[in-house]
Amino acid sequence: MMRDYPEIIEHYGSAAEHERLASPVGRLEMLRTQSSLERFLPEPPALVYDVGGGTGPYASWLAARGYEAHLIDLVPDHIEQARRARSSGPGSIRSFAVGDARQLDVDAEVADAVLLLGPLYHLPEHEDRLACWREAHRILRPGGVVVAAIISRFASLLDGLHRNLVADPAFRGMLEKDLASGVHRNETDNPEYFTTAYLQRPSEAETECLAAGLALVSTVAVEGPAWLLPDLEEWMAKGPQRQRLLDLIARVEAEPSLLGVSAHILIVARKPE
């Protein structure tokens, strides 16, 4: 992927990815993803590969909870940042590696769980996404779990309306292509318009997951409609109100008619015994 899409490396090399999850919408994404991981991952000290795990926020969180967490990411700067932030002793990430989710330098059937919380939505080609799913299948032990994230086909439309990005003709041109094909390419110099990505319908991701030999467990919305709240910062700042919001999202997380409204969607699958 590095040689195929250098703009992705450039984007993440210049963007403060570790700061994104500190924003109100980023905190919502992280809390909801952590909630799903708590439900679907095997109990610690299970061995987890966080593939495409960025600077390691989820790998660090899992390691602190007693998991044997290994971090792999395409962006060398991410791995270097994760290494520098590493604490020694128990509760630290076990290993760090620069790697491509389509071809992992990992032995077969060694993992109890695999996280794909970034790779799939940077792979516009079907065969590349399928290769990613197959690699997760290959390194999983029988019965192991994979939790993968996709970006909704309608995320740029909703974000464009929410932040009035649609006022920009350049954004509207990208949006038309996003809606037509799902392939998002930022041909401007505005980093807010993201980088090369694939915006996907849940049914398509489920089909690719099944084609890789995995058994579908669940499909859940991460942020649900809450990421579009104009006063999200206020909701996230107060403990009781934040919990009320999280509880309401959980109530409708698997509602098929609402899945596409969420910015991110999780596909949870299992390798057959």
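**Burial, salt bridges and a helix pair**

Mentor: Asp128 is buried in this predicted model, with a relative accessible area of 17%.

Trainee: What makes Asp128 count as buried?

Mentor: The cut-off for buried is under 20%, and Asp128 sits at 17%, so it qualifies. Arg102 has 13%, so it is buried too.

Trainee: How do you know that Arg102 and Asp128 form a salt bridge?

Mentor: Their N-to-O distance is 3.2 Å, and the limit is within 4 Å, so the pair passes. This one links distant parts of the chain: Arg102 lies in the loop between S3 and S4, Asp128 in helix H6, 26 residues apart.

Trainee: And why are Arg141 and Asp112 called a salt bridge?

Mentor: Same test: N to O is 2.9 Å, which is within 4 Å. Arg141 is in strand S5 and Asp112 in strand S4, 29 residues apart.

Trainee: Why is Arg141 called partly exposed?

Mentor: Its relative accessible area is 33%; buried needs under 20% and exposed over 50%, so Arg141 falls in between. Asp112, at 23%, is partly exposed for that reason as well.

Trainee: Which residues meet where H7 packs on H8?

Mentor: Ser156, Leu157 and Gly160 from H7 meet Phe171, Leu175, Asp178 and Leu179 from H8. By class, that contact has four nonpolar, two polar and one charged residues.

Terms used
Residues are numbered from 1 along each chain as its sequence is written. This is a predicted model: local features need pLDDT of at least 70, side-chain atom pairs count only at pLDDT 80 or more; totals for chains, interfaces and linings use all residues. Side-chain values use heavy atoms; hydrogens and water are left out. Contact means heavy atoms within 4.5 Å. Helices (H or I, at least four residues) and strands (E, at least two) are DSSP runs, numbered from the N terminus. Ala, Val, Leu, Ile, Met, Phe, Trp, Tyr, Cys and Pro count as nonpolar, Asp, Glu, Lys and Arg as charged, and the others, Gly among them, as polar. A salt bridge is a side-chain nitrogen of Lys or Arg within 4 Å of a carboxyl oxygen of Asp or Glu. Buried means under 20% relative accessible area, exposed over 50%, partly exposed in between (1.4 Å probe, protein chains only).
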